[in-house]
Amino acid sequence: MSADRVIQLAHGGGGRLTRELIETEIVPRFGGGPLRGLPDGATLPSPGELLVFTTDSFVVQPLEFPGGNIGDLAVHGTVNDLAVCGGEPKWLSLALIIEEGLPFAVLGRILDSIRAAADACGVTVATGDTKVVARGQGDGLYVNTAGIGLAMPEFALGVNKIREGDCVLVSGTLADHGMAVLSARQNIGFINGPRSDTGPVHRLVLAVRDLGGSVRFMRDPTRGGAATVLNEIVGECELGVLLRERDLPLAPATAAVAEMLGIDPLHVASEGRVILICASEVAPAILKRWRALPEGAGAACLGSVTRDNKGRVVLETLAGGRRLVDVPRGELLPRIC
Amino acid sequence: MKYIDDFRNPEVAAQFVRKIAAQGQALAAQGRRVHIMEVCGSHTMAIGRYGIRPLLPESVELISGPGCPVCVTDPGYIDAALALAGREAIIATFGDMIRVPGSDSDLAACRSQGGDVRVCYSPGAAIDLAKGHPDREVVFLAVGFETTIAPVVCLVEEALRLGVKNLSLLTAFKLVPPALRALLTDPAIRIDAFLCPAHVSAIIGARAYEPIADEFRVPCVISGFEPLDILYGVNGILAQVLNRQAKVENRYARVVRPDGNPKAKARIERYLEPVDAVWRGIGVIPASGLALRSEFSGFDAAKKFAVPVRPGRQQAGCRCGDVIKGKLRPTACALFAKACTPDHPVGPCMVSSEGTCAAYFKYGMPDEKRGDKQ
Amino acid sequence: MCLAVPMKLVEIRPDGKGVAELEGSRHVVDLSLVSDARLGAYLIVHAGYAIEILDQEEAEATLSLFGEIVSEAVSESRIPNASA
């Protein structure tokens, strides 16, 4: 394949070129298992348990960023949504909307990443679709993944399970993905900036399965960051959350870029982290098990659930003061003021 | 982070809070209250971010001033920027300006309707855009105080050196010292001391405040933006107030020099000249703005494209002007958090990243208590 | 209006621009507003421009002062004309 071959509209037309695209790009990477023979739908074994089902679409710019690309982001995003609902991830669907003009080389790299990420997570791409849109209508590539997982009976998650005194844990450093993507954009100009944390969290969830009875709630802090997840939680229950600034885990590069751009890391997405609310008695055990896994190395306790400040997330600052942690408003913009 | 984390040490912060509490008690014992105006929007944000206001004693009131260059910019400026976007110019801007309301619309809305608006971290990116699009005009929205004015004139110098012809500035530069004077001469505003900005001071120098301290008998303490800097600065102001002094004190000596940055000042002087400027909510302050000298009018977007900046229309009920002057706390504005929120801002104080109202909305505790008395 | 952070100057390019670093992240920095910036100096960087060079001696002096404040007894802070 020549280095400058690009996707054409005809690759989405359903004819010869579409067949060629599938044969050269999809089948070699995903053609084993349920996709063999390219049926219109996958027939999967049902073990007779409850299933967890989720979907997500991925529209990131740039498509390739330090630490990952839209492909592994799409795998991890859906694997993680299943995991934080107490599901053991099993199968993914993969839908691609490709803009005319996307180089095959880029597509190839992204598909390779999807394959590698799926293998590493132990999930199978069972079905999928490709479409091509005209130049100018697509931002390069959009990806949708839907995922099916087996519900783990040890977990009975719900915001209504949260109690005063519960601990708010996070499995690692905050904000790496969002800061990596922002600092990789044009007109921002960082060199050697932060790296995305895109990665799977299901092993972290599996690792605490037997403590599931004491786990109240889990969510992955993607778009909108930890502030959004925690505000959503307190918005639904009659409790508050108190975070301690000294305990917020931040990678040095992420903290540095956040300072330079004037952005609050609590507002910034992670793509390989879990926020977990648990009974305080099991917090030490959870942190210990997480820290034993590579993806949980930076696990920390961010704070606790309180009776005060109902419906609000409050930060105890390094200066000893307290301030509100609001949800981010609008897009994440660097500021100079 | 070196020279950053050191200035966020919680143990030192706690000690300063105690010292300030004792100073506050001493003031209260004398039946006095002190109104400190922190001028700079970055101070407003830092004070909010670290929850400093509730740590201060009852006798000390910290008022936010007009140091948010976006907040004091007339909506007509945004209207002019939108008009230029409508003429197919590439509008290069700091992120701070994106959601500031013009008379009818804002840059974010313009962008979603197809306007070519690009957010830059540095003015230098505007040169790259101009070089990368030689067939298009690039207009940089040059808004700011002295700290930002210096880099922007470097942009002009570099454009001249490289022979870049398709770059211009829509300027709304403002100067801090004239604003301080205007505030001090307003009988409706009570200011006992100024917490002076960190990086504006790095450009203009500590001595720039001497005429103000001398004429108006107000302590002017320059402080950095880290929490320890702010507490150290407040501590310095209260010490002066208790000793009935009124002098300039540089408590950010690691960055601010007595005469500031001579290269920056010279460059500003070469390219810009003082003009009267309209400060939203305050009115015209003589010689409080800077504009490109006539020999550089090729870089002046308003002249180049005949799109003058005219006063715009402010939304009814907006009290940003009073907030900027420190006359009104955001929470006392009838629109605050009701009709006026960061999602639906009525005035720039709510949407500017360092607007007073935005800081109160973002960080403000609903039951904000005063600091302990001990 | 003056968001600026101290960044260490790690490289001066042939074109006169600098590269400054904070915790491993680097950004190209315009040096035309500062004189005599040396490698290893800490620059105050605003919007991609160095506006001043941090005076490390003054910084250490201030930190030293803060250290002394912490080692003062709490009771000493009751003196009203404490000048810190």
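Visitor: Why is B:Ala126 called buried?

Guide: B:Ala126 has 29 other C-beta atoms within 10 Å. A residue is buried if 20 or more other C-beta atoms lie within 10 Å of its own, exposed if 12 or fewer, and partly exposed in between, with C-beta atoms placed from the backbone. B:Ala126 is therefore buried. The model is a predicted one, in which local features need pLDDT of at least 70, side-chain atom pairs count only at pLDDT 80 or more, and totals for chains, interfaces and linings use all residues. Residues are numbered from 1 along each chain as its sequence is written, and chains are lettered from A and ligands numbered from 1 in the order in which they are written.

Visitor: Where is B:Ala126 placed, and which residues is B:Ala126 in contact with, leaving aside its neighbours within four places in sequence?

Guide: B:Ala126 belongs to helix 5 (residues 124-132) of chain B; helices (H or I, at least four residues) and strands (E, at least two) are DSSP runs, numbered from the N terminus. Apart from neighbours within four places in sequence, its contacts are B:Ala92, B:Cys120, B:Val138, B:Phe140, B:Leu155 and B:Leu167. Two residues are in contact if their C-beta atoms, placed from the backbone, lie within 7 Å.

Visitor: What makes helix 2 of chain A and helix 3 of chain A roughly parallel?

Guide: The axes of helix 2 (residues 70-84) and helix 3 (residues 104-121) of chain A cross at roughly 30 degrees and come within 7 Å. Axes are lines fitted to C-alpha atoms, for helices over the stretch in contact, and angles run from 0 to 180 degrees between N-to-C directions. Angles under 35 degrees count as roughly parallel, over 145 as roughly antiparallel, 65 to 115 as roughly perpendicular and the rest as oblique. The two helices of chain A are therefore roughly parallel to each other. Among the residues that make this contact are A:Ile70 and A:Val79 of helix 2 of chain A, and A:Ile110 and A:Cys121 of helix 3 of chain A.

Visitor: How are the residues of that contact in chain A divided?

Guide: The contact of helix 2 with helix 3 of chain A has 10 nonpolar, three polar and one charged residue. Ala, Val, Leu, Ile, Met, Phe, Trp, Tyr, Cys and Pro count as nonpolar, Asp, Glu, Lys and Arg as charged, and the others, Gly among them, as polar.

Visitor: Why are helix 2 of chain B and helix 15 of chain B called roughly parallel?

Guide: Helix 2 and helix 15 (residues 356-363) of chain B pack at an angle of about 10 degrees, and their axes are 9 Å apart. These two helices of chain B are therefore roughly parallel to each other. Their contact includes B:Met45 of helix 2 of chain B and B:Tyr363 of helix 15 of chain B.

Visitor: What pattern does chain C follow along the sequence, and what is its mean pLDDT?

Guide: Chain C has one helix and five strands, in the pattern β-β-β-β-β-α. Its mean pLDDT is 87, and 85% of its residues reach 70 or more; pLDDT is the predictor's confidence in each residue, from 0 to 100. Of the 84 residues in chain C, 44% are buried.
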